[in-house]
Amino acid sequence: MRYKKIIAAAILPVFILSLTACKNVKETLPSASVTEKKPQVESQADPHAGMVQSSISGQYISPEKANTRPFAIMIENTKACQPHYGINKASVIYECPVEGGITREMGIFEDVGQLDRLGNVRSCRPYYVYIASEYNAVYVHFGQSEQGKALLATGIVSELNGLSSIGNSVFFRTTDKKAPHNAYTSTNGLNDGVSLAGIDMNYNQADYQHFKFNKDESRVTLDAFDECKAVKLYYFNNSPYFIYDDASGLYKRYQFNEPEADAADNGNQVAVSNIIIQNVESSFYDDQQYRVKLELNGSGSGKFITNGHIEDITWKKDSDTAPTRYYDAGGNEIVLNAGKSFVEIVQNQYAARNQFYKTADEMK
């Protein structure tokens, strides 16, 4: 009996130590083993899955479109040619003065869709060729000035010319307007043209990052700068102006005292997210004093207008084919809102005639 008590006394401390060890082990188990399981939240599908952000418009497009060369199409801008056809398909529209106080527009088209009529298409001027080369775009025109002809001969751009041997395959004339206001192209005409001319349409848009754009979760507001709800430009012939639409966040375009419309888009008005004004030096060609010469290389001043506000900017272009860059007062490259843009090339001597209004009523 005494022997059993001795054994029990020896075992009891061991038993107590075992219980204590088990308790310690339980207390040091990972917390995940005792944490309640939370319900999983389903992740939202990426609305841009399989798409890429365009370097020209900032909008999301298919990789196929992003890696296909754009077209740069010359568009007449006189009263006689109105309305335009297909201009709302352009991602960027450039307007420059030409001879006689008129302007001409050039659209940068990432996607010409399925258009039976686009234009009307008019002749080349050298500064438009330089702009087209910034995008490595296929330059589409119907004829050219003498200076334009010399520049095109250098091969700076691939081109589709209405006066070339394949002109009749690319362009057609209508009977509703008189020449030279009745020359148009089409989606099929452009496709036929690049095929007949042997133009390679493969394109890596990363090599031609022209603008910086906002992302979906942000919007460029320019709230720190002056309001600008209307813009009136000095151009003498068409007297163009823009009015900001608060509901859409777009600037609607007017000229010849009426909305600039796209007849191929059910008559819808041209409206853009961004307006860039680029002030440049100008002169005339020595041999033809009526031909305007615009200096696009170098640097200068300008304005950036978006979201109902306006900001002073500068611009810089290092070479004939280099992209033009635009900077804020701090030397940072400006960020555009995704969507269409209008770039106005303005002669320095007339820049002060442009007018900017805080409200549309002030312009009246």
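In this predicted model, three strands are arranged as an open, antiparallel sheet in the order β6-β10-β9, where strands are DSSP runs of E of at least two residues and helices are runs of H or I of at least four residues, both numbered from the N terminus, and where two strands pair if DSSP finds at least two bridges between them. Because β6 (118-119) and β9 (171-173) each have a single partner strand, they stand at the edges, and one side of each is left without a neighbour in the sheet. The antiparallel pairing of β6 with β10 (residues 183-185) runs over two bridges, and Gly119 is found opposite Tyr184 of β10.

Residues are numbered from 1 along each chain as its sequence is written, and side-chain values use heavy atoms, with hydrogens and water left out. Local features need pLDDT of at least 70 and side-chain atom pairs count only at pLDDT 80 or more, whereas totals for chains, interfaces and linings use all residues.

Arg122 is located in the loop between β6 and α3 (126-134), and it counts as buried because its relative accessibility is 17%, the cut-off for buried being under 20% relative accessible area with a 1.4 Å probe and protein chains only. Beyond residues up to four places away in sequence, Arg122 touches Met74, Glu76, Arg104, His141, Phe142, Pro180 and His181, contact meaning heavy atoms within 4.5 Å.

Conventions
Buried < 20%, exposed > 50% of the residue type's maximum accessible area, 1.4 Å probe, protein only.
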